[in-house]
Amino acid sequence: MAIAVRNLTKYYGREKAIDDISFDVKSGEILGFLGPNGAGKTTTMKIITCYMPPSSGTVDVEGYDIFDHALEVRKKIGYLPELNPLYLDMNVIEYLDYSARLHGMKNSGLKGRMREMVDACGLSDVRHKDIGELSKGYRQRVGLAQAMIHDPDVLILDEPTSGLDPNQIVEIRNLIKKLGRAKTVILSTHILSEVQATCDRVIIINEGKIVADGTPEKLQQDFRGAETISLQLKTKAGNVMTDVFPKLKGLAQVENVQYGGEEKEAHRFTVHTAKGSDLREQLFRQAVAEGWVLLEMSRKSTSLEEVFHKLTTAEPVKQ
Amino acid sequence: MTTPTIKLDVKAYLKNFSNVGTIFRKELRSYFNSPVAYVVIIVFLAFIEWFYASDMFKVNLATMRDMFSLVPWIFVFVVPAITMRLIAEERKAGTIELLTTRPVHDSEIVLGKFLAAWALICISLLPTLVHYVTIAFLGDIDNGPVVGGYLGLMLMAGVFVAVGLFASSLTENQIVAMIIGLAMMFALMILDKILIYVPEFMNTIVEFIGVDFHFSNIARGVIDSRDVIYFASVLGFMLYISTISLARRKW
């Protein structure tokens with residue numbers, strides 16, 4: 001187990017930021033930490049990196065306890081804090097050198113490793129520029145480079161793509177995938193597509209509690225609600241409400257049908273069906289049998305987005 | 001609040017003394033990369049030339065005593081300007097979070113930053129040696145008070161830098177850090193001059209706390225263990241509480 005979080009609770013004053021959180025991260029796993037702002041993602045990460053102590057509970061990183069072996073834990077971790085703080089008056093090389101030396105790297109090996117990271121992160125063009133002159137995308141790369149300069153086993157990335165434009169997001173995501181290979185990664189985000197694109201596993205956290213834990217696919221399945229199929233069809237039948245509507249409603253597994261109005265002789269319907277079912281085939285056969293002209297049919301199932309929305313706005317779900 | 005107890009392993013600490021060196025070099029370089037260092041040196045010299053060097057010849061004595069009594073007051077205004085950024089800036093920018101999650105002791109951070117600011121002050125004292133050369137060339141100067149004076153100035157600068165560093169650790173606002181630092185240094189400077197306002201039985205204590213009292217002892221060329229202990233303990237104490245204040249992780 002690379003990281004073991006046990007019963008972590010943190011109070012800010014009287015306010016509980018995280019509440020009895022426990023989870024494990026396996027070696028080599030990329031874990032997405034998902035939750036709305038203020039859910040406790042950052043707090044949890046700050047505790048794992050030994051920036052601040054929990055009110056109770058503990059964390060074990062690669063076998064080292066955050067209380068007893070804080071320095072060992074810090075050596076194991078590469079950390080990109082929220083908002084990616086950097087020394088704007090240093091240039092890229094100076095900053096990476098500084099970071100590496102504070103991680104105990106000495107002259108031998110340091111030069112090579114720095115060159116490696118500069119190349120890997122695509123920083124060679126700007127390596128002698130002041131960080132303050134760099135664009136946000138480049139700064140993020142510098143942030144990643146400093147986090148990985150000492151080749152840590154564990155990477156903790158707090159919202160690594162926030163504030164970037166879509167192209168930069170893809171770049172940084174690929175960089176994380178490339179560099180995070182064979183590393184244990186925890187990354188927090190509130191962008192869902194990011195989790196689907198990069199993570200092996202997702203933990204959704206809300207109001208300081210873990211509300212879901214699993215692969216993105218599993219979460220989608222577990223929290224899948226009713227399926228909906230939207231239809232658009234033409235019919236010769238005179239009265240849609242009496243001729244078509246009851247027949248749709250009469251199909252097995254159909255829970256509800258909504259009429260969406262008429263548009264150039266085409267009628268729209270939304271068919272709600274039972275969880276996990278797929279009625280497209282039956283609908284097609286029905287249409288053929290009745291002589292309806294099917295113009296459009298599409299099936300929508302719950303996205304991770306909806307799972308997230310459900311979990312983080314409603315009452316906390318019991319596990 | 002419980003802090004993660006970082007066990008002080010002396011052996012590992014000495015082995016990693018390079019951390020202090022790394023932080024020291026980075027801080028000193030950032031003084032010289034920005035206008036701060038140059039402004040400090042120029043302001044420092046401008047004050048000394050204006051108030052001291054212009055009268056140097058009128059005094060007609062081969063002594064630097066006037067300079068040694070002037071420089072502490074320049075310190076009071078210049079040192080807070082140098083030290084205010086040391087920790088406050090990192091708090092404001094959030095880089096403190098990166099710095100304190102490196103495998104580095106808080107005390108190493110404090111020590112590295114302290115040494116950098118102290119070095120800058122000592123560097124800005126260097127050009128004043130010109131006056132020593134001038135006077136020594138023109139007259140028969142007593143070297144004791146000169147050595148004592150410079151030693152005293154360096155010790156005093158050390159205490160002031162430690163005070164300023166502590167002030168900087170209290171806040172993320174550099175202006176606030178500067179005002180707190182300036183007030184503390186000013187208080188240390190005038191303590192031995194306001195004894196008439198202090199109940200008589202406290203006179204010796206208040207006088208002992210004042211930094212100028214010990215400085216003038218050393219500047220006379222007499223190095224007394226009491227003064228050395230004073231400087232060492234105030235400096236150590238300020239660095240210690242700065243370390244504690246840095247470890248206070250809340251915002």
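The C-alpha centres of domain 1 and domain 2 of chain A lie 48 Å apart. The domain assignment, whose bounds come from an automatic or database source, gives domain 1 as 3-222 and domain 2 as 227-301 of chain A. This is a predicted model, where local features need pLDDT of at least 70, side-chain atom pairs count only at pLDDT 80 or more, and totals for chains, interfaces and linings use all residues. Residues are numbered from 1 along each chain as its sequence is written, chains are lettered from A in the order in which they are written, and side-chain values use heavy atoms, with hydrogens and water left out.

**Chain A as a whole**

- Chain A holds 12 helices and 14 strands. Helices (H or I, at least four residues) and strands (E, at least two) are DSSP runs, numbered from the N terminus.
- Chain A is more spread out than a compact globule, because its radius of gyration is 26 Å, well over the 20 Å that the globule rule gives for 319 residues. The radius is taken over C-alpha atoms, and the rule is 2.2 Å times the number of residues to the power 0.38.
- The C-alpha atoms of chain A fill a box of roughly 85 × 45 × 30 Å along the principal axes.
- Of the 319 residues in chain A, 51% count as buried. Buried means under 20% relative accessible area, exposed means over 50%, and partly exposed lies in between (1.4 Å probe, protein chains only).
- Take the contacts in chain A between residues at least 6 apart in sequence: 67% of them join residues at least 24 apart. A contact means heavy atoms within 4.5 Å.
- The accessible surface of chain A is about 14600 Å², and carbon and sulfur atoms supply 47% of it. Such areas come from the Shrake-Rupley method with a 1.4 Å probe; for residues, only the protein chains shown count as cover.
- Chain A carries 42 positive and 44 negative side chains, with the centres of the two sets 1 Å apart. Lys and Arg count as positive, Asp and Glu as negative, while His and the chain ends are not counted. Each charge is placed at NZ of Lys, CZ of Arg, CG of Asp or CD of Glu.

**Two residues with positive phi in chain A**

- Most residues other than glycine have a negative phi.
- E62(A) is not a glycine, yet its phi is positive, at about 50°. E62(A) sits in the loop between β4 (56-61) and β5 (64-65). With a relative accessible area of 27%, E62(A) is partly exposed.
- N84(A), also a residue other than glycine, has a positive phi near 45°. The loop between β6 (77-80) and α3 (92-102) of chain A holds N84(A). N84(A) is buried, at 9% relative accessible area.

- V5(A) belongs to strand β1 (residues 3-12). Its relative accessible area is 0%, so V5(A) is buried.
- Beyond its neighbours within four places in sequence, V5(A) contacts I21(A), S22(A), F23(A), D24(A), I48(A), T58(A) and V59(A). R101(A) is 96 residues from V5(A) along the chain, and their C-alpha atoms are separated by 29 Å.
- M297(A) lies in strand β14 (residues 293-300). M297(A) counts as partly exposed, at 28% relative accessibility.
- M297(A) and S230(A) are 67 residues apart along the chain, but their C-alpha atoms are separated by 5.6 Å. S230(A) is one of the residues that M297(A) touches, and others include I229(A), L231(A) and R280(A).

**Chain B as a whole**

- Chain B has 14 helices and zero strands.
- A compact globule of 251 residues would have a radius of gyration near 18 Å; chain B has 19 Å, which agrees.
- The C-alpha atoms of chain B fill a box of roughly 60 × 50 × 35 Å along the principal axes.
- In chain B, 50% of the 251 residues count as buried.
- Among contacts in chain B between residues at least 6 apart in sequence, 78% join residues at least 24 apart.
- Chain B has about 12100 Å² of accessible surface, and 70% of this belongs to carbon and sulfur atoms.
- Chain B has 19 positive and 19 negative side chains, and the centres of the two sets lie 11 Å apart.

**A helix residue of chain B**

- Y31(B) is placed in helix α2 (residues 17-33). Y31(B) counts as buried, with 0% relative accessibility.
- Y31(B) and A116(B) are 85 residues apart in sequence and 8.7 Å apart in space, C-alpha to C-alpha. A116(B) is among the residues that Y31(B) touches, as are V36(B), I82(B) and L120(B).
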